[in-house]
Amino acid sequence: MTHLLLTVFSATFFVTVIRTATPLLFATLGGLIADLSGALNVALEGMMLVGALTAVIVSVYTPWYVAVLAGIGVGAVLGAVMAFFHLKLKADIVLVGFAINILASGGTVYALSLATHGDKGTSISLVSKAVPAVDLGFLGAIPGIGPTLTAFLSGHSLLSWVALIMVFAIWFFLYRTPRGLWLRAVGEYPAAPEAAGIPVGKVRMWSLIASGGLAGLAGVQLAMFNFVGFTRDMTAGRGFIALGAVLLGARHPVGAMWAALLFGVFDALSVVMPNLFNWIPPELIQMIPFVVTVLALLLFSYRTLRARQVTTLSGD
Amino acid sequence: MSGAPSPWAEARGEIVRAVGALVVALAVAFVIIMFTSKAPLEAFATLLRSPLTSQRTIGYWIDDSAKLTMTGLALSLVFQARQFSLGVQGQVLLGGLCSGVVALSPVGYTWAAIPLGILAAMAAGAAYGFIPGYAKAKLGANEIVSSLMLNYIALDLTTWLIRDKLAPPGKGLLFTNPFPKIAVFPALVAHTRIDLGVILAVIAVIATWFALYRTSWGLKLRLVGHNPRFAEYAGIRANFIMVSAMTVSGAIAGLLGAMFVQGQVYGKLATNFENGLAFEGILVAIVARNRPLAIPFVALGYGYLRQGANLMNIRTDVPNEVIAVVQAIIILLVASTFALPVRKWLMRLRPEARRAAEAAERVGP
């Protein structure tokens, strides 16, 4: 047990948490934007997968930043496809989302097998690039706390810093700009913004596109930093966990960040625990994030229910 | 569109729509195969023809269709109640696990192995289907998220139990010893995969149809799905209907688990035995418009494509994952209301066609 505590309160563990939380945070923010505009994006999982594979294949031939942009772009395109079928052709959003997930899980394996000439498991034969880590070694010069600062803040993926900025950018957009108000209004009660002349369909379309782009970016971090390369079904349910994290984070960007960090902690635990407790079956450790999501979902739903009951009571 | 259209006209419309979606999807698949295969025509011919090549491949097809029917039924029940509970995978895995435990226990050597195995599987599936339903009814917990998480939990749980507890120890095997012969569904046609499961699937179809269209429970369920507000005014306890729909759907999925492990294909417990089939039920249920009696036909059609793709994967250089593209396009097109634009295009085309025909007539003689 002391071993576990020592590990958990170390700087390396913190770095692992940030690493595992970053893709989840991007995906959660993507889920949040779609959810706030009133369109549940169940395709986060598939968009992450496609973003990851695209980034890996593009990074073989181009600099890393082009690969990052390609991953975002392909996620956004999938978001646009979703918007087209949902908004123009009136298909149910959950079905469209699942169609995209099916397309992604099969399509990525198909494309992987073509790109690697027959390998359906991993992209190990492709030399793909990584997103650079940000070196803050100069902080070590600060007397006293310098070395600690370096240990905790240095060495994170560039995208982790982008994710942090994104949380505040999205918060600012949603709560401090007119367009953000449009988006929230469309999700809350579409009839009102419609009457006010706000193009409801367009707002939802752009939300889904942004949501797809963020999910693509989540895939990029997964395949260009957490693990350099692509493996079949490497998202392993993170896109669905992100849907739970949106709810757990009380549908707010800062809440989304805390929720993603919480899942990051459990994800990181499942990374370090096999080394510490080799008597626990690996399957049970892998199960932890999913069990936590279910419990968090139940807890969150209970709290919302109670809050609603309290407001109705005081309203009477 | 005056008066109620006859059910046959409606069915014909749905069939035209499904076939249209299939043709578009196959055309896209053909283009992809053209670009990626060295022998595209041969690959495409294998996709379309191979399931009928031998008695063995026909057996694969019928067996796969029976299983697709079950997952389609399970999903159509929850879809009819407008619940997007997608926990079929977890229910299948747990159902299979429980039926496998029965078959491996001393009971497995008696005649009770099959009926008890089926009952255990259905009970486990029902219990696992009940959880997201109850959580939604009591707490309003989103059933999509909870049921998907339960899938992953069931997958990890069954993998651990089979690998660590049920498989012969010390060899690192991912499957158990074969069940006693009496615990395995008897084959209906010798040396094929066609077994008792096909009969169970037919019974399940009829039972689901009866429950949905000939009982008051089914009427209430469909009302809750079609018009929740009306159902509420009519005094229907929507929560009870929702939870019971998810539970019954879980029982059907659990039975599918028993069909997997106690069927001719396995006859033992193996990790991840359902191999992604559970989610294929989404396509089956959507194309069948959640009608139980239409589901076996859709399952036969789609099972044919799946087996064609598998054989194409083995016999040619095209990976079977190309079927995912077909599947996604069919779901997208069938779920969309694309019938209206098509009619509009036809209207737009018709005068031109007429004019062209008239012009040809004028030039002709």
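Predicted model: local features only at pLDDT ≥ 70, side-chain atom pairs only at ≥ 80, totals over all residues.
At 7% relative accessibility, A:Glu283 is classed as buried, since the cut-off for buried is under 20%. B:Arg163 is partly exposed, at 28% relative accessible area.

Side chains of opposite charge can pair when their charged atoms come close. Over all chains, the count is 11 salt bridges. One of them joins A:Arg238 to A:Asp267, whose closest N and O atoms are 3.7 Å apart. This pair links distant parts of the chain, 29 residues apart, with A:Arg238 in helix H11 and A:Asp267 in helix H12 of chain A. Both A:Arg238 and A:Asp267 are buried.

Now look at chain B, where B:Glu14 and B:Arg17 form a salt bridge of 3.7 Å, N to O. They are separated by about one helical turn because they lie 3 residues apart in helix H1 of chain B. B:Glu14 is partly exposed, whereas B:Arg17 is buried. Together with B:Arg289, these two residues are linked in a network of salt bridges.

Next, see how helices pass each other. In chain B, the axes of H4 and H10 come within 7 Å and cross at roughly 55°, so H4(B) and H10(B) are oblique to each other. In chain A, the axes of H7 and H10 come within 11 Å and cross at roughly 160°, which makes H7(A) and H10(A) roughly antiparallel.

Definitions and conventions: Residues numbered from 1 in each chain as written. Chains lettered and ligands numbered in written order. Heavy atoms only, no water. Axes fitted to C-alpha atoms, helices over the stretch in contact; angles between N-to-C directions. Helix = DSSP H or I, 4+ residues; strand = E, 2+ residues; numbered from the N terminus. Parallel < 35°, antiparallel > 145°, perpendicular 65-115°, else oblique. Salt bridge = Lys/Arg side-chain N within 4 Å of Asp/Glu carboxyl O. Buried < 20%, exposed > 50% of the residue type's maximum accessible area, 1.4 Å probe, protein only.
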